[in-house]
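Here is a brief report on helix packing. Read it with the coordinates open.

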Amino acid sequence: MGKPIMAICDRQAAYTSQLISLFQGKKELPFEIHGFTKNESLEEFCGKHKIALLLISESDYREELQSREIDRILVLREGTGNLPECVAAVNKFQPAGMLYRDIMRVYGEGERIVPFWKSMKKKMRLIGVYSPLHCCMQTMFTLAMGEILAKKYKTLYLNFECFSGFEMLLGTRFNGNLTDVLYCYECAKEKLPYKIESIVQKIGELYFVPPASSYEDFRDIREEEWLAVITEIAAAGGYEVVLLDLTEQVRGVYTLLEACDKIYTLLKDDRMAKAKLAQYELMLEQESYGSIQEKTVKCRLPLFKNLPERMEELNRGEVAEYVKKLLAEGGLL
């Protein structure tokens with residue numbers, strides 16, 4: 001039995017070709033993609049095949065298609081007419097990434113959806129970055145690591161800070177974030193892959209789920225759930241490396257650290273910082289979290305003369321060179 005079929009129909013051949021390339025580039029999608037530039041060709045194909053999802057331009061949409069063997073129809077709205085309220089639609093004229101996320105969002109909200117492939121070619125590597133000192137460089141360090149790893153592995157970054165500031169730093173508003181992923185996991189786990197695809201963003205080649213707008217949105221997630229959620233996210237997106245930018249706001253943060261293959265902890269040399277680190281390490285010893293210490297790489301950051309001004313520039317410069325050396329020493333590059 002072959003894959004479920006996604007059909008794309010638009011009379012503009014170049015646009016149809018671009019959409020086909022966009023979806024074929026998403027290796028985890030469970031569809032076999034077919035493109036059409038003529039209604040007649042689509043009608044003939046419908047007579048021989050069942051279609052799981054049809055994307056069709058507003059000017060090509062016909063009400064008769066509702067009677068064909070098509071599980072879901074999504075119209076690419078062009079603003080040329082009045083579609084019936086029962087017809088699902090997304091704006092055709094938007095950047096490719098936004099269009100893809102819109103399609104995943106609307107399709108994932110439907111009742112009949114095709115399950116994602118969840119087979120992972122390689123074991124997921126889980127890397128944690130955590131410091132009891134709450135170093136202000138932690139997020140910059142972790143993002144630099146993510147952007148560098150993303151050149152070799154499909155990498156996902158997850159931020160668990162109280163206030164990440166990502167929307168301000170990137171100058172955009174996100175249509176969804178980690179809170180939505182957690183809610184979907186709790187209420188409609190079978191739709192989780194589509195929810196993730198509709199939300200996930202990129203900085204260069206690094207994927208990230210926008211952080212929760214408030215840490216209160218996820219502090220009540222049970223300790224035992226976090227690793228299951230992260231594993232589901234990694235499987236849905238086919239991520240080879242998941243990078244966790246951790247704080248104590250996550251219930252069970254030490255359980256997550258235990259699950260990590262490697263942990264990076266940023267240090268400071270002042271007396272107060274040394275005292276806090278000593279108390280943290282004593283707690284790990286007393287609570288039998290010895291494996292965390294064994295997997296931890298302690299990092300005393302040098303004084304960087306020039307810090308990148310833009311998040312997209314973190315894969316080059318002084319910070320990047322320092323991180324590359326750490327990754328090479330850890331066998332990750």
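In this predicted model, a side-chain oxygen of N177 comes to within 2.9 Å of the backbone nitrogen of T179, at the start of α6. Helix α6 covers residues 178-187.

**The faces of α6**

Five names make up the buried set of α6: L178, V181, L182, C184 and Y185. Viewed down the axis of α6, these buried residues fall within an arc of 160°, so they line one face of the helix. Y183 and C187 are exposed on the other side of α6. What do the buried residues of α6 pack against? Their partners are β7 (155-159), α7 (192-199) and α8 (223-237).

**Two helix pairs**

Two packed helices are described by the angle between their axes and the distance between the axes.

| Pair | Angle | Axis distance |
|---|---|---|
| α6 and α8 | about 100° | 11 Å |
| α3 (96-108) and α7 | about 155° | 7 Å |

Take α6 and α8, with an angle of about 100°. That angle makes α6 roughly perpendicular to α8. From α6, the residues V181, L182, Y185 and E186 take part. They meet E225, W226, A228, V229, E232 and I233 of α8. V181, L182 and Y185 also belong to the buried set of α6.

Now α3 and α7, at about 155°. Here α3 is roughly antiparallel to α7. The crossing of α3 past α7 is left-handed. On the α3 side, Y100, R101, M104, R105, Y107 and G108 make the contact. On the α7 side, the residues are Y194, E197, S198 and I199.

Methods: Residues are numbered from 1 along each chain as its sequence is written. This is a predicted model: local features need pLDDT of at least 70, side-chain atom pairs count only at pLDDT 80 or more; totals for chains, interfaces and linings use all residues. Side-chain values use heavy atoms; hydrogens and water are left out. Buried means under 20% relative accessible area, exposed over 50%, partly exposed in between (1.4 Å probe, protein chains only). Helices (H or I, at least four residues) and strands (E, at least two) are DSSP runs, numbered from the N terminus. The arc is that of the directions from the helix axis to the C-beta atoms. Contact means heavy atoms within 4.5 Å. A polar contact is a pair of N or O atoms within 3.5 Å; within protein, one must be able to donate a hydrogen and the other to accept it, and residues adjacent in sequence count only if both atoms are side-chain atoms. Axes are lines fitted to C-alpha atoms, for helices over the stretch in contact, and angles run from 0 to 180 degrees between N-to-C directions. Angles under 35 degrees count as roughly parallel, over 145 as roughly antiparallel, 65 to 115 as roughly perpendicular and the rest as oblique. A crossing is left-handed if the near helix is turned anticlockwise from the far one by less than a right angle, and right-handed if clockwise.
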